[in-house]
Amino acid sequence: MQIQLNGEPQTLERAMTVQALLEQLELINQRLAVEINEDLVPRSQFAEHQIQDGDQIEIVRAIGGG
């Protein structure tokens, strides 16, 4: 399955959820936002939202500062 992840082409070997992708990228339990095809995916839907072939995914990590 081909996707765009933060503007870069990526190949996923299997279908997966947003949660599984974040686990694979070792981003689980971090403060972040996920947008798929310009729609924000609520954190409460990460475990259910299936990634589809051709999806454009943006993952943005929150960085605190002061």
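Biologist: Which residues in the largest nonpolar core touch the most other members?

Modeller: A nonpolar core is a set of buried Ala, Val, Leu, Ile, Met, Phe, Trp, Tyr and Cys residues joined through side-chain atoms within 4.5 Å. Buried means under 20% relative accessible area, exposed means over 50%, and partly exposed lies in between (1.4 Å probe, protein chains only). Here the largest core has 17 residues, and Leu22, Val34, Ile51, Ile57 and Ile59 touch the most other members. This is a predicted model, in which local features need pLDDT of at least 70 and side-chain atom pairs count only at pLDDT 80 or more, while totals for chains, interfaces and linings use all residues. Residues are numbered from 1 along each chain as its sequence is written, and side-chain values use heavy atoms, with hydrogens and water left out.

Biologist: Which elements give two or more residues to this core?

Modeller: Helices (H or I, at least four residues) and strands (E, at least two) are DSSP runs, numbered from the N terminus. Strand E1 (2-5), helix H1 (18-24), E3 and strand E5 (56-61) each give two or more. H1 gives the most, with four residues.

Biologist: How do I read the sheet, and what is the order of its strands?

Modeller: Strands of a sheet pair through backbone hydrogen bonds, either parallel or antiparallel. Two strands count as paired if DSSP finds at least two bridges between them. This sheet is open, with five strands in the order E2-E1-E5-E3-E4 and mixed pairing. Strand E2 (8-11) and strand E4 (39-41) are the edges, each pairing on one side only. E1 and E2 run antiparallel and are joined by four bridges, with Ile3 opposite Gln10 in E2. Their hairpin has two residues between the strands, and Asn6 takes a positive phi near 50° there.

Biologist: What is the bridge partner of Val34 in E4, and which residues does Val34 touch?

Modeller: The partner is Val41. Contact means heavy atoms within 4.5 Å. Not counting residues up to four places away in sequence, Val34 touches Val18, Leu22, Asp39, Leu40, Val41, Phe46, Ile57, Glu58 and Ile59.

Biologist: Is Phe46 buried or exposed?

Modeller: Phe46 sits in the loop between E4 and E5. It counts as buried because its relative accessible area is 2%. Leaving aside neighbours within four places in sequence, Phe46 is in contact with Thr17, Val18, Gln19, Leu22, Leu32, Val34 and Val41. Phe46 and Gln19 are 27 residues apart along the chain, yet their C-alpha atoms are separated by 4.9 Å.
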